[in-house]
Amino acid sequence: MKIEEISVKNIIIDNIHCLYESAFPRDERRDFEDFMSLLAAPESRFSVFAFFEDDVFAGFASCWRWEEFCYLEHFAVEERMRNGGRGARYLSALVRRMSLPMIIEVEPPEDDLSRRRIGFYERNGFRLAEGIDYVQPPYSPDRNSMRLMLMTHGDICLTGDEDDRILRIKADVYGVTE
């Protein structure tokens, strides 16, 4: 297993584009042109990491990094590479590489898939942030907001809906300043 931070010029960007659009519903992702602009921006807090097995693309993660925490925006593993513990290894490698407390969004446990996803993150050291009424703002005017839940990893405790870190994610990631 190998993890590599990538740039917009990396040959693997087409693989990331395909997985990004197949793994996440429209309301849970930005237009890929915006994704690429964030990745290309100088001094950007946005980074993308690709995972490889024997030099074969296996998945990616997109993250935002601030001084005291990071936000894992997207994490996806190629369907043919799922199961067998790869996702856990990739997530563990990313957590080590970021070396900061981490925040993620997850869908509420309303069906088997969302419950399994939460269980995956819990088995990998994440915990649900209880008592926070969180709505993911829309990525653009033509997208919908979504009621989600937050999970954290490491030495971080969210204090409520108006926690500075939640407000920073909403401002920097989604462009919400109110």
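In the predicted model, strands β5 and β8 run antiparallel and are joined by 5 bridges, with Ile 103 having Thr 152 of β8 as its bridge partner. Strand β8, which spans residues 146-153, also pairs in the antiparallel sense with β6 (residues 127-128) over 2 bridges, and in this pairing Leu 128 stands opposite Met 151 of β8. A further 3 bridges join β8 to β7, again with the two strands running antiparallel. Of the 8 residues of β8, 6 are buried, and the strand is therefore largely enclosed by the rest of the structure.

A polar atom of the Gln 136 side chain lies 3.2 Å from the backbone oxygen of Asp 27. When residues up to four places away in sequence are not counted, Gln 136 touches Asp 27 and Glu 28, together with Glu 105, Ser 145, Met 146, Leu 148 and Tyr 174.

Helix α2, comprising residues 32-40, has Phe 32, Phe 35 and Leu 39 as its buried residues. Viewed down the axis of α2, these buried residues fall within an arc of 50°, and they therefore line one face of the helix.

Most residues other than glycine have a negative phi. Asp 54, although not a glycine, has a positive phi of about 50°; this residue lies in the loop between β2 and β3, and because its relative accessibility is 74%, Asp 54 counts as exposed. Ser 99, likewise a residue other than glycine, has a positive phi near 50°. Ser 99 is located in the loop between α3 (86-98) and β5 (102-106), and with a relative accessibility of 58% Ser 99 counts as exposed, the threshold being over 50%.

Notes. Residues are numbered from 1 along each chain as its sequence is written. This is a predicted model: local features need pLDDT of at least 70, side-chain atom pairs count only at pLDDT 80 or more; totals for chains, interfaces and linings use all residues. Side-chain values use heavy atoms; hydrogens and water are left out. Buried means under 20% relative accessible area, exposed over 50%, partly exposed in between (1.4 Å probe, protein chains only). Helices (H or I, at least four residues) and strands (E, at least two) are DSSP runs, numbered from the N terminus. The arc is that of the directions from the helix axis to the C-beta atoms. A polar contact is a pair of N or O atoms within 3.5 Å; within protein, one must be able to donate a hydrogen and the other to accept it, and residues adjacent in sequence count only if both atoms are side-chain atoms. Contact means heavy atoms within 4.5 Å. Two strands pair if DSSP finds at least two bridges between them.
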